[in-house]
Amino acid sequence: MNVLMVGAGFSSAVIGRELAEAGHAVTIVEQRDHIAGNCHTERDPDTGVMVHVYGPHIFHTDDREVWEYVQRFSTFKPYENRVKSTVGGSVYSLPINLHTINQFFGKTLRPEEARAFIEAQAATHIDDPQTFEEQGLRFVGPELYQAFFHGYTTKQWGCHPSALPASILKRLPVRFNYNDNYFFHRFQGMPEHGYTALVEGILDHPGIRVHLETPFEAAMARDYDHVFYSGPLDGYFDYSEGRLGYRTLDFERFTHHGDYQGCAVMNYGDESVPYTRITEHKHFSPWEQHDGSVCYKEYSRACGPDDIPYYPIRLVDEKAMLARYVEKAESTAGVTFVGRLGTYRYLDMDVTIREALDAARGFLEHRRDGEPVPAFFKAPL
Ligand SMILES: Cc1cc2nc3c(=O)[nH]c(=O)nc-3n(C[C@H](O)[C@H](O)[C@H](O)COP(=O)(O)OP(=O)(O)OC[C@H]3O[C@@H](n4cnc5c(N)ncnc54)[C@H](O)[C@@H]3O)c2cc1C
């Protein structure tokens, strides 16, 4: 078969590789001038620092097959994400842990004491939290909520946390020990030479051709047996039902001689500070030494038609619009929508790779059995 993949991020690279290894011819078109999608990394020519161009990316997973898959294409260096937050003139450790609680309240509580202390703060009268705000107050009480969730979330989503669903804050965001590793997953690390080199390794197969600076056009599909589309779902249908809402990010880049902030990620919880965080990229590669430093000040705002869509909003209105696009997609033959933009979901890299492996295998099975290939292997709703 001849298969066309739209986009050269992890979704297309992994599906393309699986299909190429199964003996099919894969063509990838990518509108940007580089591969790896939003995970793209490149070395800053002046400082030599590996920069995460579209924002910081840390690889973490519990999925052993995905972990072994990525190691086929890159060596990984140990990396654990330790985030700090500047709030009200002090620096705290995130996620909220025993150190944060003791520092914030000027106490020396042990784990069980801290648990009882936080439970006493929690707004236990809220039986069934409906909004992000209620969920936060229910979990941690007003003071920690105000310091660590309210301002940050307001800035990130551009609305009051009472307008956001409780599901955004799924589980108790507090640890009653001194573990400040941001992620819980068993496998964590950073590709030694960056994500773009990793994706390059995945794409390095004689059955795969990549065309950069080539936006998808509907007429291209005629030359192929099937299309995998990892671009925006609404874009495929020329936004006929309207634009699915996203938040975009602006990165204000600056350089520094030496160490600017002593850590990779510093959040800013105060609403009065317009940015959400500053990332210092050389700390994502702690095994490297650089005198200079490259930092990004990160601002979040509503995504316009010419901006890069980052975080899908997925509130009630967007989901209603999404349902209409899903219906359209399901009545379109020959195209499968994949990845974060194709299914309008936030996906971590490991989930993206897992879904891509499953989609490739599902596709090969459907073709083998002579069944029509579905528009989605993972339902967006
Ligand atoms: C700020 C931020 C931080 C993140 N941090 C992490 C992290 O720490 N850890 C983690 O696991 N995940 C993280 N992620 C998630 C990660 O970025 C995604 O999992 C990953 O990018 C999904 O890959 P994809 O291939 O589905 O999409 P993308 O990487 O977006 O790739 C899609 C590609 O399609 C191209 N394209 C779109 N439309 C067209 C068209 N019409 N024609 C041709 N090409 C087109 C785009 O240019 C793009 O290159 C983060 C995401 C964001 C937004």
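Predicted model: local features only at pLDDT ≥ 70, side-chain atom pairs only at ≥ 80, totals over all residues.
## A helix pair

Two packed helices are described by the angle between their axes and the distance between the axes. Here the pair is helix 1, residues 10–21, and helix 10, residues 349–368. Their axes come within 8 Å. They cross at roughly 35°. The crossing of helix 1 past helix 10 is right-handed.

Which residues make the contact? From helix 1 come Phe10, Ser11, Val14, Ile15, Glu18 and Leu19. They meet a set in helix 10 that includes Met349, Thr352, Ile353, Ala356 and Leu357. Also in the helix 10 set are Ala359, Ala360, Arg361, Phe363 and Leu364. By class, the contact of helix 1 with helix 10 counts 12 nonpolar, 2 polar and 2 charged residues.

## Aromatic rings

The structure holds 32 aromatic pairs. One of them joins phenylalanine 251 and tyrosine 310. Their ring centres lie 6.1 Å apart, and their planes stand at 90°. Planes over 60 degrees apart count as edge-to-face, so this pair is edge-to-face.

Where do the partners sit? Phenylalanine 251 is in strand 12, residues 246–257. Tyrosine 310 is in the loop between strand 15 (292–302) and strand 16 (311–312). The pair therefore ties together parts that are 59 residues apart in sequence. Phenylalanine 251 has 22% relative accessibility and counts as partly exposed. Tyrosine 310 is buried, at 8%.

A second pair is formed by tyrosine 275 and tyrosine 299. The ring centres are 5.8 Å apart and the planes are at 80°, so this pair is edge-to-face. It links distant parts of the chain, 24 residues apart. Tyrosine 275 is in the loop between strand 13 (265–268) and strand 14 (277–280). Tyrosine 299 is in strand 15. Tyrosine 275 counts as buried at 15% relative accessibility. Tyrosine 299 is partly exposed, with a relative accessible area of 21%. Why do these two values fall into separate classes? Buried means under 20% relative accessible area, and partly exposed lies between that and 50%.

Ring pairs also build a cluster. Its members are Phe216, Tyr229, Tyr236, Phe237, Tyr325, Phe337 and Phe376.

## Charges over rings

| Charged residue | Ring | Distance to ring centre |
|---|---|---|
| Arginine 32 | Tyrosine 54 | 4.1 Å |
| Arginine 175 | Phenylalanine 184 | 4.3 Å |

The charged end of arginine 32 sits over the tyrosine 54 ring.

## Backbone features

Most residues other than glycine have a negative phi, and most peptide bonds are trans.

Alanine 36 has a positive phi of about 85°, although it is not a glycine. Its place is the loop between strand 2 (25–29) and strand 3 (41–43). Alanine 36 is buried, with a relative accessible area of 1%.

Tyrosine 344 also has a positive phi, about 50°, and is not a glycine. This residue lies in the loop between helix 9 (339–342) and helix 10. Is tyrosine 344 buried or exposed? It is buried, at 0% relative accessible area.

The peptide bond from leucine 94 to proline 95 is cis. Its omega is near -15°. Proline 95 is in the loop between strand 8 (90–93) and helix 3.

## Single residues and distances

Asparagine 102 is in helix 3, residues 98–105. This residue is buried, with a relative accessible area of 8%. Which residues does asparagine 102 touch, not counting those up to four places away in sequence? They are Lys107, Thr108, Leu109 and Tyr178.

Histidine 193 is in the loop between strand 9 (187–191) and helix 6 (195–203). At 48% relative accessible area, histidine 193 is partly exposed. Histidine 193 and glycine 106 are 87 residues apart in sequence. In space they are 42 Å apart, C-alpha to C-alpha.

Alanine 333 lies in the loop between helix 8 (316–330) and strand 17 (335–337). Alanine 333 counts as exposed, at 74% relative accessibility. Alanine 333 and proline 374 are 41 residues apart in sequence. Their C-alpha atoms are 8.1 Å apart in space.

Note on methods. Residues numbered from 1 in each chain as written. Heavy atoms only, no water. Axes fitted to C-alpha atoms, helices over the stretch in contact; angles between N-to-C directions. Helix = DSSP H or I, 4+ residues; strand = E, 2+ residues; numbered from the N terminus. Left-handed = near helix turned anticlockwise from the far one by under 90°. Contact = heavy atoms within 4.5 Å. Nonpolar A, V, L, I, M, F, W, Y, C, P; charged D, E, K, R; others polar. Phe/Tyr/Trp six-rings, centres within 6.5 Å; stacked < 30°, edge-to-face > 60°. Buried < 20%, exposed > 50% of the residue type's maximum accessible area, 1.4 Å probe, protein only. Lys NZ or Arg CZ within 6 Å of the ring centre and 35° of its normal.
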